[in-house]
Amino acid sequence: MKILVLGGANLNILGSRQPDVYGSETLEDIQNFIQKSFIEKGIESVWRQTNAESELIDWIQAAKEEGFDGLIINPAAFTHTSVAIYDALLSFDAPKIEVHLSNTYKREEFRKIKITSGASLGVIEGFGKYSYFLAFNYLAENMN
Ligand code: DQA
């Protein structure tokens with residue numbers, strides 16, 4: 001099984017970015033943790049991050065052709081703003097899960113507005129790197 005993991009704006013500076021909210025691990029640390037945890041279950045994952053909304057859309061559009069069986073996405077700030085990413089997600093007909101490191105409901109009011117979230121099977125948030133772990137676990141148990 002091949003899963004595409006996409007990350008949006010500012011996730012490239014995880015580790016140094018608001019460590020009180022996001023922790024001290026980098027996105028690469030999280031990637032290594034997940035890949036180690038799921039390799040034996042036969043789950044391969046490709047991780048990509050961008051600060052550009054259009055690049056995220058291009059990657060989602062290409063996901064089927066690239067042979068991905070599922071998608072885990074942390075759209076980051078685009079979650080709260082992007083109809084274009086929501087539309088792109090609807091066009092990828094495969095299991096999709098949205099994840100967030102932080103519990104956005106404990107934060108600013110504007111983070112409660114989630115434009116992208118309705119395009120995925122569900123949303124897992126507030127568990128740091130375990131948000132990704134739980135999403136992978138779901139896919140591991142529910143896809144063949
Ligand atoms: C985030 C939450 C978003 O509100 C924020 O803009 C991010 C990260 C998270 O993983 O907690 O950049 O998606």
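Reply: Contact here means that heavy atoms lie within 4.5 Å. The model is a predicted one, and in it Arg 107 touches Gln 18, Val 21, Tyr 22 and Ser 102, once residues up to four places away in sequence are set aside.

Me: Where does Arg 107 lie, and is Arg 107 buried or exposed?

Reply: Arg 107 is found in the loop between strand 4 and strand 5. A residue counts as buried when its relative accessible area is under 20%, so Arg 107, with a relative accessible area of 19%, is buried.

Me: Which polar contact does the side chain of Arg 107 make with Tyr 22, and what joins Arg 107 to Ser 102?

Reply: The side chain of Arg 107 makes a polar contact of 2.9 Å with the side chain of Tyr 22, and a polar contact of 2.9 Å joins the side chains of Arg 107 and Ser 102. Ser 102 lies in the loop between strand 4 and strand 5, and because its relative accessibility is 7%, Ser 102 counts as buried. Leaving aside neighbours within four places in sequence, Ser 102 is in contact with Val 21, Tyr 22, Arg 107, Glu 125 and Gly 126.

Me: Which residues are around the ligand?

Reply: The residues around the ligand are Ala 9, Arg 17, Tyr 22, Asn 74, Ala 76, Ala 77, His 80, His 100, Leu 101, Ser 102, Thr 104 and Arg 111. For polar atoms, one looks at individual distances: a polar side-chain atom of Arg 111 lies 2.8 Å from an oxygen atom of the ligand, a backbone N or O atom of Leu 101 lies 2.8 Å from a ligand oxygen atom, and a polar backbone atom of Ala 77 is 3.3 Å from an oxygen atom of the ligand.

Me: How much of the ligand's accessible area does the protein cover?

Reply: On its own the ligand has 320 Å² of accessible area, and the protein covers 99% of it.

Me: Let us turn to the sheet. How should I read the order of its strands?

Reply: In general, strands of a sheet pair through backbone hydrogen bonds, and the pairing is either parallel or antiparallel. In this structure there is an open sheet of five strands in the order 2-1-3-4-5, with parallel pairing. Strand 2 (44–49) and strand 5 (122–125) are the edge strands, each of which pairs on one side only. Neighbouring strands of this sheet are turned by 20° against each other on average, with direction ignored.

Me: Which way do the residues of strand 4 point?

Reply: Lys 96, Glu 98 and His 100 point one way from strand 4, whereas Ile 97 and Val 99 point the other way, and all are buried. Strand 4 is accordingly described as mostly covered, with five of its five residues buried.

Me: How does helix 3 lie relative to the strands?

Reply: Helix 3 (residues 53–62) lies across strand 1 (2–7), strand 2 and strand 3 (70–74), and runs at about 170° to strand 1.

Me: Finally, what does Ser 131 touch, and which backbone oxygen does its side chain reach?

Reply: Ser 131 lies in helix 5 (residues 129–142) and, at 0% relative accessibility, counts as buried. Apart from residues up to four places away in sequence, Ser 131 touches Val 99, His 100, Leu 101, Ile 124, Glu 125 and Gly 126, and the side chain of Ser 131 reaches the backbone oxygen of His 100 at 2.9 Å.

Note on methods:
Residues are numbered from 1 along each chain as its sequence is written. This is a predicted model: local features need pLDDT of at least 70, side-chain atom pairs count only at pLDDT 80 or more; totals for chains, interfaces and linings use all residues. Side-chain values use heavy atoms; hydrogens and water are left out. Two strands pair if DSSP finds at least two bridges between them. Helices (H or I, at least four residues) and strands (E, at least two) are DSSP runs, numbered from the N terminus. Axes are lines fitted to C-alpha atoms, for helices over the stretch in contact, and angles run from 0 to 180 degrees between N-to-C directions. A residue is near a molecule or strand if one of its heavy atoms lies within 4 Å of it. A polar contact is a pair of N or O atoms within 3.5 Å; within protein, one must be able to donate a hydrogen and the other to accept it, and residues adjacent in sequence count only if both atoms are side-chain atoms. Accessible areas come from the Shrake-Rupley method with a 1.4 Å probe; for residues, only the protein chains shown count as cover. Buried means under 20% relative accessible area, exposed over 50%, partly exposed in between (1.4 Å probe, protein chains only).
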